[in-house]
Amino acid sequence: MRTVEALDEIRRPWLFKVSHRLARGEGVRESFIQQLERFFEMLTQAVETGNPGWLEPLLIEWVEARTQGDLEKRDTSLAPILDQILIATYQAARETLPECSALDLMGAVLPVYTHVFEFVSSKETALHIDHVSREIEEAKGSLERLDKSKSDFIAIAAHELKTPLTLIEGYMSMLRDQLNDHNGTSYALLLEGVDNGTRRLREIVDDMIDVSLIDNNLLALNFQPIWIRRMLAVLELEFSEHVLSRNQVFEVHPFPGSDEMTFGDEERLFQAFRNVITNAIKYTPDGGSIIIDGRKLPGFIEVTVADSGIGVDPDDHIRIFEKFGRLGSVSLHSSGKTKFKGGGPGLGLPITKGIIEAHGGAIWVESEGYDEVKCPGSVFHILLPLRKVPPDDKTAKLFRPLIEVANADR
Ligand code: ADP
């Protein structure tokens, strides 16, 4: 019997054996059987022509069909499937053909199978190498970014700390001169300079501490009754001088829900809103606008801070909330808090995000993109849960009468 005829004889039992050993589930089985039929056809061609290369295109398809998940689990080998195919060929030949034809057939198919095993193994190795190199490239990229962020941060931190230190040193030396002269001048102005320098230093050091508290999940919130509208009114007053100096429009619109009592850490929320507003002023050119608005959602209050500034590239919408996620060049860095584009150390938004998330809320940015000429603007959304009762019993007890009044008002 010719080898090709022998192959034709064993086609059905071979197909039955392989599909029952390997395919699981009806849907899988149907497409898998089609694949096996193609394999068997190519095997027949390979045996007939003595060229095992016939199977290569199909094998490449099989190797490449492994998913990213398989690659990550390092579970890419087709070897167990090929083992089963070989065993099924041997069994089908033994059970279907006379012994000598079965031996002849195995003699003809074995070199093809040897090629198949070697070919698949080399392709899989190449695929693994590709995947591992990609992983190494990705890891290298993120390490480089991390390294750059760190050295940028050190440069900025040094710059930030140097400015108030120089101020303090200058004022101290003037104070010393004045004291030596004993000319009776008022020291108030000089002391104010020292005071400004130390305050800025304290802010920077506090930011560093906050980042480490948030990083280590140690940010403790002190829940008290708060009214978002009142907080925003205080901030409006606080920033009025800054916006005037930058000739900007700064409006806080009242919105439903903003005058309802909710529980939150007032000091931390002030810090969070202050950071977002400082940025809105900083990244908006002179003459631009910053509008604060919001709305009430079921169980939440959403505050929006919209500016007509330089905007944020969609690729950076997540990154700006990461530690040291500042985007500008370090050389543009400035210690001025609300000076146009005077980037800070890149800790403001990560701290803000930490505070909002510790309250059970969320913060995100919406912006068409970054453009210093067209200024598409950005909208920062801050979502805060409306808490009618504080999360801990002690605070609830302390504020019980107020909670009862607020809940009766609803
Ligand atoms: P920084 O101290 O640099 O201002 P932040 O953490 O507060 O750090 O902000 C991170 C980065 O996000 C900024 O460097 C800036 O590039 C970008 N950014 C924040 N707010 C705005 C905004 N309103 N408009 C445009 N870019 C912004």
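Asn247 lies in the loop between α8 (228-245) and β2, where helices (H or I, at least four residues) and strands (E, at least two) are DSSP runs numbered from the N terminus. This is a predicted model, in which local features need pLDDT of at least 70, side-chain atom pairs count only at pLDDT 80 or more, and totals for chains, interfaces and linings use all residues. Residues are numbered from 1 along each chain as its sequence is written, and side-chain values use heavy atoms, with hydrogens and water left out.

Sheet
- Five strands form an open sheet of mixed pairing in the order β2-β4-β5-β7-β6, two strands being paired if DSSP finds at least two bridges between them.
- At the edges are β2 (249-252) and β6 (362-366), each of which pairs on one side only.
- Strands β6 and β7 (residues 378-385) run antiparallel and are joined by five bridges, with Ile363 standing opposite Ile382 in β7.

Helix on the sheet
- Helix α9 (residues 266-282) packs on the sheet and touches β2, β4 (289-297), β5 (300-307), β6 and β7, contact meaning heavy atoms within 4.5 Å.

- Cys375, found in the loop between β6 and β7, has a positive phi near 50° and counts as buried at 17% relative accessibility.

Conventions:
Axes fitted to C-alpha atoms, helices over the stretch in contact; angles between N-to-C directions. Buried < 20%, exposed > 50% of the residue type's maximum accessible area, 1.4 Å probe, protein only.
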